Amino acid sequence: MGVVRNILWIGALLSAFCGATQEFESILWQPGLKLTWPDFKAKPDTRSNAAAITASGISYEFSTQEDNGEFTLDFTVNTCFYPGKSWYQPEVCDAVILSHEQLHFDISELFARRFRKLLRETSFSRNVKAEVGALFRQVNRELAEYQDSYDKETNFSRDREQQQNWNAKVARALDQ
């Protein structure tokens, strides 16, 4: 639970680097893209009770134009997976756990879509930078809460029935 929040925070901190620089290796979310265990490149934390950790997050960049007091945004929002911050313990991981980790990445994409929608629908003032930042923080808080709920309800993939329910729920949301 706390681990997910920490990893999402890392994703938020690294978000400025996704696609903008190669300082941190990242994989951009794409429809149909499935993570594989070789994508998890960080050394496992042997002190952790977790079988795997997915570091993913949302990145954005934007520019703005003013026309007669109206501000319009041109923006890009990406969902990133960070291989160098993601790890797994091979001796305890299986396809179900990989599916669970994939869903963390997919959930990040759901909230990237929410952020894109907010950016399209919001009227901005001269304080556009602060307003966009506030929306980003809001979406990241909601994302962290959703990721926590996902882990709790699936018992970190141990509840196979709930895992299947979440797989279907997120797949439907991504199809919309």
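Contact is taken here to mean heavy atoms within 4.5 Å. In this predicted model, Leu 119 touches Leu 73, Phe 75, Val 77, Phe 124, Val 132 and Leu 135, when residues up to four places away in sequence are not counted. Leu 119 is also one of the residues with the most contacts inside the largest nonpolar core, together with Ile 58, Phe 115 and Phe 124. This core has 35 residues. Two or more of its residues are given by each of strand 4 (70-81), helix 2 (95-121), helix 3 (128-154) and helix 4 (160-175). Helix 2 supplies the largest share, 11 residues. In soluble globular proteins, nonpolar side chains tend to be buried together.

Strand 4 pairs with two other strands. Strand 3 (residues 56-67) runs antiparallel to strand 4 and is joined to it by 12 bridges, with Gly 57 opposite Cys 80. Strands 3 and 4 form a hairpin with 2 residues between them, and Asn 68 in the turn has a positive phi of about 55°. Strand 1 (residues 27-28) is likewise antiparallel to strand 4, through 2 bridges; here Ile 27 stands opposite Phe 81.

Helix 3 has 27 residues and spans 39 Å from its first C-alpha to its last, close to the 39 Å expected at 1.5 Å a residue. The residue that follows helix 3 is Asn 155, whose phi is positive, near 50°.

The count of aromatic pairs comes to 12. Trp 37 and Tyr 88 form a stacked pair, with 4.4 Å centre to centre and 20° between the planes. Trp 37 lies in the loop between strand 1 and strand 2 (52-53) and Tyr 88 in strand 5 (residues 87-88), so this pair ties together parts that are 51 residues apart in sequence. Because its relative accessible area is 15%, under the 20% limit, Trp 37 counts as buried. Tyr 146 and Trp 166 form an edge-to-face pair, with 5.2 Å centre to centre and 70° between the planes. This pair links distant parts of the chain, with Tyr 146 in helix 3 and Trp 166 in helix 4, 20 residues apart. Tyr 146 is partly exposed, with a relative accessible area of 22%, whereas Trp 166 is buried, at 2%. The ring of Trp 166 also has the charged end of Lys 169 over it, 4.0 Å from the ring centre. Elsewhere, ring pairs link Trp 37, Phe 40, Phe 81, Tyr 88 and Phe 105 into a cluster.

Technical notes
Residues are numbered from 1 along each chain as its sequence is written. This is a predicted model: local features need pLDDT of at least 70, side-chain atom pairs count only at pLDDT 80 or more; totals for chains, interfaces and linings use all residues. Side-chain values use heavy atoms; hydrogens and water are left out. A nonpolar core is a set of buried Ala, Val, Leu, Ile, Met, Phe, Trp, Tyr and Cys residues joined through side-chain atoms within 4.5 Å. Buried means under 20% relative accessible area, exposed over 50%, partly exposed in between (1.4 Å probe, protein chains only). Helices (H or I, at least four residues) and strands (E, at least two) are DSSP runs, numbered from the N terminus. The expected span of a helix is 1.5 Å times one less than its number of residues. Two strands pair if DSSP finds at least two bridges between them. Rings of Phe, Tyr and Trp (its six-membered ring) pair if their centres lie within 6.5 Å; planes under 30 degrees apart count as stacked, over 60 as edge-to-face and the rest as tilted. A charge sits over a ring if NZ of Lys or CZ of Arg is within 6 Å of the ring centre and within 35 degrees of the ring normal.
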